[in-house]
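Me: I'm new to this one and I like to know where each label comes from. Can I ask you about the wording as we go?

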Amino acid sequence: QVQLVESGGGLVQAGGTRRLSCAASGSIFSINAMRWYRQAPGKQREWLAAITSGGSTNYADSVKGRFTISRDNAKNTVYLQMNGLRPEDTAVYYCHAEVLLVSLAIIDSWGQGTQVSVSS
């Protein structure tokens with residue numbers, strides 16, 4: 001009923017920048033909070049950042065000051081601007097959305113993930 005499609009991953013040198021996008025489509029009435037997570041090989045999925053429909057944001061300490069989450073409600077899209085990338089930021093990055101469907105059901109929806117690799 002809802003699809004989240006991430007884009008923007010790739011290979012970047014340490015200290016570089018990358019902007020991830022995640023576009024939601026489907027039977028969407030509105031989207032509440034949107035979040036970014038990542039999962040490195042052999043590690044648990046880690047929450048990174050969240051943004052409410054009103055634009056309030058929260059960040060994990062590991063990315064605070066380096067990453068910025070934003071959203072375009074008209075496009076049902078969330079972004080993650082990543083600056084000052086480090087090799088330890090290498091992971092698969094996932095977006096998540098709390099979606100209110102046109103049927104008025106609320107669901108959790110995940111993207112398929114996009115790989116970000118940071119070389120030293």
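Me: Why is R35 called buried?
Reply: Buried means under 20% relative accessible area, exposed means over 50%, and partly exposed is in between (1.4 Å probe, protein chains only). R35 has a relative accessible area of 19%, so R35 counts as buried. Bear in mind that this is a predicted model, where local features need pLDDT of at least 70 and side-chain atom pairs count only at pLDDT 80 or more, while totals for chains, interfaces and linings use all residues. Residues are numbered from 1 along each chain as its sequence is written, and side-chain values use heavy atoms, leaving out hydrogens and water.

Me: And what makes E98 buried, partly exposed or exposed?
Reply: The value for E98 is 22%, so E98 is partly exposed.

Me: What makes the contact between E98 and R35 a salt bridge?
Reply: The label needs a side-chain nitrogen of Lys or Arg within 4 Å of a carboxyl oxygen of Asp or Glu. For the side chains of E98 and R35 the N to O distance is 2.9 Å, so the pair passes. E98 sits in strand β9 (residues 91–101) and R35 in strand β4 (residues 28–39), so this pair links distant parts of the chain, 63 residues apart. Strands, by the way, are DSSP runs of E with at least two residues, numbered from the N terminus.

Me: How many salt bridges turn up in the whole structure?
Reply: The search finds 5. One of them joins D61 and K64, with the closest N and O atoms 3.3 Å apart. D61 itself comes out at 66% relative accessibility, so D61 is exposed.

Me: Why does the salt bridge between D89 and R66 tie together separate parts?
Reply: The closest N and O atoms of D89 and R66 are 2.8 Å apart. D89 lies in the loop between β8 (77–82) and β9, and R66 in the loop between β6 (57–59) and β7 (67–72), so the pair brings together parts 23 residues apart in sequence. Both residues are buried. D89 and R66 also belong to a network of salt bridges with R38 and E46.

Me: What order do the strands of the open sheet have?
Reply: The order is β1-β3-β8-β7, with antiparallel pairing. The edge strands are β1 (2–7) and β7, each pairing on one side only.

Me: How do you know which strands count as paired, for instance β1 and β3?
Reply: Two strands pair if DSSP finds at least two bridges between them. β1 and β3 (residues 18–26) have 6 bridges, so the pair qualifies. L4, for example, has A24 in β3 as its bridge partner.

Me: Where is Q3, and what does Q3 touch?
Reply: Q3 is found in strand β1. Contact means heavy atoms within 4.5 Å, and by that rule Q3 touches A23, A24, S25 and G26, not counting residues up to four places away in sequence. Q3 comes in at 40% relative accessibility, so Q3 is partly exposed.

Me: Which residues touch the most other members of the largest nonpolar core?
Reply: A nonpolar core is a set of buried Ala, Val, Leu, Ile, Met, Phe, Trp, Tyr and Cys residues joined through side-chain atoms within 4.5 Å. Here the largest has 31 residues, and W36, I69, V78, L80, M82 and Y93 touch the most other members. β9 gives the most to this core, with 6 residues.

How values were computed:
Helix = DSSP H or I, 4+ residues; strand = E, 2+ residues; numbered from the N terminus.
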